[in-house]
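User: I've got a model open and would like to talk it through with you. Can we go over it piece by piece?

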Amino acid sequence: MSTCLCDAFFDDVARATVEVLEHLGCTVEFPERQTCCGQPAFNAGDWPAARTVLRHAVDVFAGEAPVVIPSASCAAMLSHGAQILFENEPDVVAIKQLGTRAWELTDFIVRGLGVTSWPGRFTGRVAFHRSCHSRGSGTGDAVSTLLRSLSGLEFVDFDEAEQCCGFGGTFSVAFASISTAMGTLKLDNLLAAKPDVIVSADMSCLLHLRGLAERQGRPLRALHVAQVLRDALASSEVGR
Amino acid sequence: MKREPIDQFAAKQSDERRTSVRLGSNACHEKRTQVLHEDYADVDLLRKLAGQIKQHTLEHLDSYLEKAEEKLRARGVKVHFALDAEAACQSVLDILQARGAKRLVKTKTMVSEEIELLPFLERHGVECFETDLGEFIVQLDADRPSHIVKPILHKNRREIARTFQQKGLGTYDDTPEVITRRAREFLRRKYLEADVGLSGANFVSAESGRLVLVTNEGNSRFCLAAPRCHIAVVGIEKLVPDDRSLSVFLNLLARSATGQRLSVYTEFICGARSADAPDGPEEMHVIFLDNGRTEVLGTEYREILRCLRCGACLNVCPVYRQASGHAYRSVYPGPVGAVLSPLLAGKRFLELADLPKASTLCGACAEVCPVDIPIPDLLVRLRNRGKQEGAPSGATPSLGGFAKLASMPIAWKAALGMGKLVDHMPRAVQPGPLRAWQGERDLPAWRGGAFRSWFRKRGKKA
């Protein structure tokens, strides 16, 4: 599942995801009829609308294959949110079946495939922003494991790391003042650690942080973890 | 409380106040995390155990309440049940009037805020004094607590010193020790003059009928030692099955609330004076308060009743840190309040239906909750209820159209192509949410469909 954000804005992240998976020997399919995980409507409280989207996803991703997503947030929607959404619905079993096959990319690599190190180099200081919807999942550890295995990469800590970036989907427009204050604080904390690049497993956080940084004229290089892994692969191929 | 959307309240807040709240909350949160992880190898396991004990108690609340009542009566305590705030206030007043009592001192208890007890008693000619330092300052200022554990987290010492001067408690001096000493001197007389001491309870053991009070300032000991009559107003969800389970809760509560291993005072109150217990009050009453709790117990939101009122979810919440407690327009602020306040509002649910939306659903609250309440899940459930009951959507954009699009793959693809138009649209004519986004942030260039065509092309090559 490419996610609606990669479908609309971040095509390179979806490309990197495909390349990373293919490096691991996976055959990647992209069902053309896919759209969204249903989270926007679910979080807004419009559950009938969210169910319609989810039923479409169940149909599009029918089968047994793992559904790998370059987003901890969409993955959590399928594996957790959708279960609440369908708890009293007759087709809850199909939703659960999809939920158990949904994986965030790095969690799939580390816990799903058992791959714990990554070839190649990535030179620079990296601040890893743990996206909130990866709480309680394997993603945080998986990203950290893979990044730390790269040569040349320096992992940097920063203050108030557990704090949210302030995006929150519709929250970012409905509570614009609090959202931008949260985002600015996150930028302050991140940039104080003087990283060369900020990495996350979710483009939603990076969309928010980048948008703020650009408006405020603060230089910020932000990459999805899939892009870092893909770039490291390229470096290892050059080196060979 | 004044009705103002949370985001507007937050935007108007002074930088000074915002900083006090944020730094105070963060300091508490960091201490909590450090102490819990130093002391326990698996904090989450302990939180889960505590949550299960609380959930078990709630699911058998009827029998535990009966048990507690029986034990309390055997210890010479008069037990009352109050269905709502009005009944609870009346119950307290009846006890006071029967004793001819005119003066009351009280310890910190959120339940008294919930039922608005003090204004009620004052209207009936009872002189009441808060004795917790923070609550005392709130009372002097005719303010409201902004935090469950630290009622004056929103104030700094300069504001407090000004209040003390205005209220005749000495000339301006903002040294914390001076402020504290002045309050102590003032309150010491009030304890001795009081006819009744009023408290809440952090826990009530159904097995023994013991009330447990967790405090730091020693004021509760004065409140309960000097007056001849003790009244405790207790939410029915404060029960725990037995004394043994208190070990789990007492280990978690102070650590979660303030990062202390144990609060300075933990009082076990065992009933009225008797031949076996010569130190108790002459007369003791426990008023169990429902006020909407049994109704919540019958719903999918019942897990919120596990809450110990430790405030850890407030301290870690990024929205609370920016908005502060008063933004929530209710007695219980922060994440727990965003769930509990609309529920306890009963028929006025819709007036507070915006509170559950004031969250990015980041889940930090659920990670720190000592009784493992899935707060973000409850927030989403309440958003759904608000939508069903026709709560005004406020600034939240409708997602109906988006969802429709997302269930029609052909229209979705077409929209991916058309999104580029936004890049060329003057901001004034863009849809509202896009304008709101771009108030303070840039929008990246539209790349709709780019990945799809890349994937398709390489498929052909292969």
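User: Let's start with K150(B): which residues does K150(B) touch, not counting residues up to four places away in sequence?

Analyst: A quick note before that: this is a predicted model, where local features need pLDDT of at least 70, side-chain atom pairs count only at pLDDT 80 or more, and totals for chains, interfaces and linings use all residues. Residues are numbered from 1 along each chain as its sequence is written, while chains are lettered from A and ligands numbered from 1 in the order in which they are written. Contact means that two C-beta atoms, placed from the backbone, lie within 7 Å. With residues up to four places away in sequence left out, K150(B) touches G24(B) and G134(B).

User: Is K150(B) buried or exposed?

Analyst: K150(B) is found in the loop between α8 (133–140) and α9 (157–166) of chain B; helices here are DSSP runs of H or I with at least four residues, strands are runs of E with at least two, and both are numbered from the N terminus. The cut-offs are 20 or more other C-beta atoms within 10 Å of a residue's own for buried, 12 or fewer for exposed, and partly exposed in between, with C-beta atoms placed from the backbone. K150(B) has 21 other C-beta atoms within 10 Å, so K150(B) is buried.

User: What separates the C-alpha atoms of K150(B) and E207(B)?

Analyst: Along the chain, K150(B) and E207(B) are 57 residues apart.

User: How do α2(B) and α12(B) pack, and at what angle do their axes cross?

Analyst: Packed helices are described by the angle between their axes and the distance between the axes. Axes are lines fitted to C-alpha atoms, for helices over the stretch in contact, and angles run from 0 to 180 degrees between N-to-C directions. C28(B), R32(B), V35(B) and L36(B) in α2(B) meet R255(B), S256(B) and T258(B) in α12(B). The axes of α2 (residues 15–39) and α12 (residues 246–258) of chain B come within 6 Å and cross at roughly 145°.

User: Which helix of chain B supplies the largest share of the side that touches chain A?

Analyst: In total, 53 residues of chain B are in contact with 54 residues of chain A. Several helices of chain B each supply at least two residues of that side, including α1 (6–12), α18 (375–388) and α23 (450–461). The largest share, six residues, comes from α18(B).

User: In β4(A), which residue is the bridge partner of R121(A)?

Analyst: Strand β3 (residues 121–129) of chain A and β4(A) pair in the parallel sense over five bridges. For R121(A), the bridge partner in β4(A) is S151(A).

User: And what share of the residues in chain A is buried?

Analyst: There are 12 helices and six strands in chain A, and the C-alpha trace spans about 50 × 45 × 30 Å along its principal axes. Of the 240 residues in chain A, the buried ones make up 59%.

Note on methods. Two strands pair if DSSP finds at least two bridges between them.
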